[in-house]
Amino acid sequence: MVFDMSQHTVRQVVVKKAADPAESEWLQQARAGDTSAFDQLTKPYRKLLHTHCYRMLGSPFDADDALQETLLGAWRGLGSFEARSSLGTWLNSIATRICLRMISRRPRRLASGDLAPPLRSTAELGEPVQGPVWLEPMPDSELLYGGPANEDPASILLRREHIGLAFVAMLQHLPGTQRAVLLLREVLGYSATETADILGTTVAPVNSALQRSRQTVRAKKPATVQSSEMLQVDAQELELLLQSVVSAWESLDVTAMVNLLADDVRFTMPPLPAWFSGREFVGKFFAERVFETPWRLHSLRGNGQPGFACYLKQAGDDRFRPGGVVLLSVYDGHIAAIDSFLDPAVCSRFGMRDEFHQDFFATGR
C-alpha cells in the first residue's frame, strides 16, 4: 500500500480550531484598517497556509509568493468575510485559488526521474537545468505537520509522510484541481461540501476529482515510498545510521558508505539532470565523483526527513563551502534515497554558512 489516503485520512485540526476569543476583536480592528490587528488575526494560520501552498506548488519559494498573495488578498477582501465559515477555511480558500492560478501559469515541478533515465557512467553529469523546474525541499522549521499531543503513532507517521519529498513529488503529477481536492479532502480533512465551497464548484466534480486523483496515486506507486507502517524507524537505530553516514562520508570510505545503501537506492542532484539508481551505480558515483574532495556534514531536517548540510573543500582552498542540502529516505535500516539539492538558494534556505575555515572542524570554533 502506497499513499492509500482513502484509508488513512488525517484531519489537519489547525484549520478548524476553535476561534480565539480575541479573534473577533482583531477582525473588527483589522476591518477598520489596523494592520497590526490583521497580523495578529492571521498569524496563527500562516505556517499552515505556507505548508499547504508548498504541497500544492512543490517549491518553498513559490509558496512564499503564494502566501504573500494570500495575505494581500485577505487584507483587501476582509470586508467581504461574513464568518459563515471559519477564518482558517476562508484563508485556505484564498490560498488554494491563488495556487491554482499559479499552477495554470507555471510548469509543474519535476523530480530527477521525471526528466531523464538514471545514468550508468559518472563521466558526464550534464549541464544544470536552470529555472523554476525542480521540486525543492522545505526546512522542517517552516512546515506545519504536527497534530494533537495525544496523537497515535500511526497518525504521526502519516502526517510526516504527507510532507515527505516523495509525496510532494507525487502531487505534482496531478492536475491542479485534483491536487487541491486531494489535499483539501484527504490531508486537511474538509468534507466534500466544504471543498466544493472552497473551490467554487459543486460536490459532484469534487468527488470525481478525488476519485481520479486516487487512481493516479495508486498508479504512480513510487518504488522508494512505503506505507506508514514500513516508514517507522527506531529513533536510536536511525541516529546510529546517521552517525555511520557522517563517518563514512567524511572519511571518504566507499565500502562503508555502500554498506549503508539499500539495493535499489537512488541518488539525485538537481539542478544537475544526472541521477543514479541501484547500489552498484550509486556506489560508483561516490567512489569516482563524490569522494574526490573532502567533506564535512552537519545534521538538518527537511520535509520531515533527516539529512545534512554538506560542505566540500576544493583543491587549493582552505575553506569548506556549501556543496548541497541532502535529505535521506530510510527503509529497513538502510538508505533508500539520497536527494541532494545543489542550488545555492536551497542551501541558503536551510541556513548553510557561506564558508568554514578548515581549522573550524578541528577546533569546533
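1. Y331 stands opposite H334 in β6. The strands β5 and β6 run antiparallel and are joined by 7 bridges; two strands count as paired if DSSP finds at least two bridges between them. Their hairpin has 2 residues between the strands, and D332 takes a positive phi near 55° there. Strands (E, at least two residues) and helices (H or I, at least four) are DSSP runs, numbered from the N terminus.

2. A word on the model. It is predicted: local features need pLDDT of at least 70, side-chain atom pairs count only at pLDDT 80 or more, and totals for chains, interfaces and linings use all residues. Residues are numbered from 1 along each chain as its sequence is written, and side-chain values use heavy atoms, with hydrogens and water left out.

3. Strand β6 is mostly covered, with 7 of its 8 residues buried. Buried means under 20% relative accessible area, exposed means over 50%, and partly exposed lies in between (1.4 Å probe, protein chains only). β6 also pairs with β1, in the parallel sense, over 4 bridges. Across that pairing, R266 stands opposite A337, and F267 stands opposite I338.

4. How many of the residues of β1 are buried? The count is 6 of 8, so β1 is largely enclosed by the rest of the structure. β1 pairs with β2 too, in the antiparallel sense, over 3 bridges. T268 stands opposite W275 in β2. These two strands form a hairpin with 6 residues between them.

5. D339 and R266 form a salt bridge, with the closest N and O atoms 2.9 Å apart. The pair links distant parts of the chain: D339 lies in β6 (residues 334–341) and R266 in β1 (residues 261–268), 73 residues apart. A salt bridge here is a side-chain nitrogen of Lys or Arg within 4 Å of a carboxyl oxygen of Asp or Glu. D339 counts as buried because its relative accessibility is 6%. R266 is also buried, at 19%.

6. The structure holds 16 salt bridges. Another of them joins the side chains of R301 and D140 (3.3 Å, N to O). This pair also links distant parts of the chain: R301 sits in strand β3 (residues 295–302), D140 in the loop between α5 (112–115) and α6 (153–161), 161 residues apart. D140 is buried, at 15%.

7. R319 forms a salt bridge with D318, the closest N and O atoms being 3.5 Å apart. R319 is partly exposed at 25% relative accessibility. D318 is partly exposed as well, at 31%. Elsewhere, a network of salt bridges links D62, D65, R106, R109 and E136.

8. Now the second largest pocket. It holds about 600 Å³ of space. On a 1 Å grid over the protein atoms alone, a pocket is an open set of points with protein on both sides within 12 Å along at least five of seven lines, and lining residues have an atom within 4 Å of a point. Grid points are joined across faces, edges and corners, and the volume is the space filled by probe spheres (1.4 Å) set on the points.

9. Which residues lie nearest the centre of this second largest pocket? They are W295, L312, G323, G324 and L342, out of 26 lining residues. The elements that give two or more residues to the lining are β4 (305–312), β5 (319–331) and α15 (344–349). The largest share, 4 residues, comes from β5. By class, the lining has 16 nonpolar, 6 polar and 4 charged residues. Ala, Val, Leu, Ile, Met, Phe, Trp, Tyr, Cys and Pro count as nonpolar, Asp, Glu, Lys and Arg as charged, and the others, Gly among them, as polar.

10. In α14 (residues 279–288), F281, V282, G283, F285 and F286 are buried. Their cover includes α12 (235–250), α13 (254–259), β1, β2 (275–277) and β6. An α-helix has 3.6 residues a turn, so residues three or four places apart point the same way.

11. S213 is found in helix α10 (residues 203–220). S213 counts as buried, at 0% relative accessibility. Leaving out residues up to four places away in sequence, S213 touches L174, Q178 and L182; contact means heavy atoms within 4.5 Å.
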